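Please read them alongside the sequence and the coordinates.

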Amino acid sequence: MPTCRICGTPLRTFLDLGHHPLSSAFPAPDEARDEARDGACGGAGDGACDAFRYRLAVGHCGRCALVQLTDDVPHERRPYPGYPYHSSGSATMRAHFRATGRRLLRTELCGKDDAFAVEIGCTDGVVLRTVGEAGIRHLAFEPSGYGGVRVHRAFLTADSAREVVAAEGRAQVVYAANTVCDIADLPELFAGLDGLLAADGVFVFEDPYFGEIIGRTAFDQFYDEHRYYFTAASVRALAERFGFRLVGVERLPVHGGQLRYTLARAGRRTPAPAVAELLAEEEARGLTAPAALAAFADRVDRVRTDLVTLLEGLRAAGRTVAGYAATAKSCTVTTYCGLGPHLVPYVCDSTPAKQGRLTPGARIPVRPPAAFAAPYPDYALLFAWNHAAEIMSREQAFRAAGGRWILYVPEVHVV
């Protein structure tokens, strides 16, 4: 039986989405042909082969309240180095991270002598560049080596924290976005934070909020790159386990609904009123109660049925459909729903590294954005629903040509 990665308590599985490929494994067409012929990757060796499958199931720990994937992907299968997500690809996310950098300057860094800021997993470094423009020393723990800022090519651990402190001193703030949810060894992370943070320093991180996932039936937020799905209650328990305290929470509209958590050493800061308010809200909702989790699983099953029924009906009626954005989330949807080129002949994506390849598992061809209008399809299945406003604003010509969007969050609907 799967057990909690933090406390070892048996997990109660409430959603099993079946066996999935890695969400970052976009094989080239010739690699897919080799695999079909040989039952293997054809020796690609670059992580693109999607033959590997893992069980995508989600469980809840009754002791520490942590929602988490029940099964792990082996470390050697994970997408380092060269992770293909870059926050600058979205105007919404660029603005979000610039605002985050300015917020950290205002609340944690300005007015402190020789302030030092650290980020864990910086992707392309928007937050730290914003901080750096104000003259603040900064460094990223980024195993891929990429970031466009000063990078320490390592994970944050007790050992790597000592190396950085010896050279740079302690940090007033450590920040992470969409990173903590994928760190296998959270005790080691907190050991690193304990060594790296100044006595009055804070750890600020933001990740998908389970309250939003369950409220929106956003099951596509579950995929291999995210092990944990936090609530205020589970973060409070996690922080206290390692000598920290949850002192701040903030709702964020990005990525389909996130929470930003602020942790400080126990006894150093008084929690903001918003913490108690959100904890009370979660308890009143029964957010992780068995009945709520079972109802969520039922809604997920209904989305699959409705989406497949809609796409099959459009195909029978001779309507054309294209996918829009080959996201990590789209891998969960196409795999769980059994979608493939028979229902979604191609998907358009702006990431050059994905173009000309096939989506993981479903083997849907990925085309560049120009293909979307050559000619426009009748319908577009929007996998990047969390960027719907930005995308629909950019693609007004599609609507003007009579095109319609298919969305599946919180339920299947056409707009």
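1. Just after helix H4, Gly-169 adopts a positive phi of about 90°. Helices here (H or I, at least four residues) and strands (E, at least two) are DSSP runs, numbered from the N terminus. The model is a predicted one, in which local features need pLDDT of at least 70 and side-chain atom pairs count only at pLDDT 80 or more, whereas totals for chains, interfaces and linings use all residues. Residues are numbered from 1 along each chain as its sequence is written, and side-chain values use heavy atoms, with hydrogens and water left out.

2. Helix H4 itself spans residues 158-168, and its buried residues are Ser-160, Ala-161, Val-164 and Glu-168; buried means under 20% relative accessible area, exposed over 50%, and partly exposed in between, with a 1.4 Å probe and protein chains only. The face turned away from the buried side of H4 carries the exposed residues Arg-162 and Ala-166. On the buried side, the residues of H4 pack against strand E4 (116-120), strand E5 (137-141), strand E6 (151-152) and H5, where contact means heavy atoms within 4.5 Å.

3. Helix H5 (residues 186-196) deserves a look at Leu-189, which has its place there. Leu-189 counts as buried because its relative accessibility is 2%. Leaving aside residues up to four places away in sequence, Leu-189 touches Ile-120, Leu-156, Val-180 and Ile-183. For Leu-156, which is 33 residues from Leu-189 along the chain, the separation between the two C-alpha atoms is 6.0 Å.

4. Which side chain meets that of Arg-269 in a salt bridge? The partner is Glu-108, with an N to O distance of 2.8 Å; a salt bridge is a side-chain nitrogen of Lys or Arg within 4 Å of a carboxyl oxygen of Asp or Glu. Arg-269 lies in the loop between strand E11 (258-265) and helix H8 (273-285), and Glu-108 in helix H2 (residues 91-109), so the pair ties together parts that are 161 residues apart in sequence. The two partners can be described separately, since Arg-269 is partly exposed at a relative accessible area of 29%, while Glu-108 counts as buried at 7%.

5. Another salt bridge joins Arg-260 to Glu-206, whose closest N and O atoms are 3.0 Å apart. Because Arg-260 lies in strand E11 and Glu-206 in strand E8 (residues 197-208), this pair ties together parts that are 54 residues apart in sequence. Both Arg-260 and Glu-206 are buried.

6. The side chains of Glu-281 and Arg-251 likewise meet in a salt bridge, at 2.8 Å from N to O. This pair links distant parts of the chain, with Glu-281 in helix H8 and Arg-251 in strand E10 (residues 244-252), 30 residues apart. Glu-281 is partly exposed, with a relative accessible area of 31%, and Arg-251 is partly exposed as well, with 42%. A search of the whole structure finds 19 salt bridges.

7. An open sheet is formed by 6 strands in the order E14-E13-E12-E15-E16-E17, with mixed pairing; two strands pair if DSSP finds at least two bridges between them. Strand E14 (366-367) and strand E17 (413-414) are the edge strands, each pairing on one side only. Strand E12 (residues 321-324) and strand E13 (residues 347-348) run parallel and are joined by 2 bridges, and Tyr-324 stands opposite Cys-348 in E13. Helix H9 (residues 290-316) lies across E12, strand E15 (379-382), strand E16 (404-407) and E17, and runs at about 150° to E16; axes are lines fitted to C-alpha atoms, for helices over the stretch in contact, and angles run from 0 to 180 degrees between N-to-C directions.

8. How many disulfides does the structure hold? There are 0 disulfides, a disulfide being a pair of cysteine sulfur atoms within 2.5 Å. Cys-337 is in no disulfide, and the nearest cysteine sulfur, that of Cys-331, is 12 Å away. Cys-337 is buried, with a relative accessible area of 8%. For Cys-348, the closest cysteine sulfur is that of Cys-331 at 18 Å, which is too far for a bond, and Cys-348 counts as buried at 3% relative accessibility.
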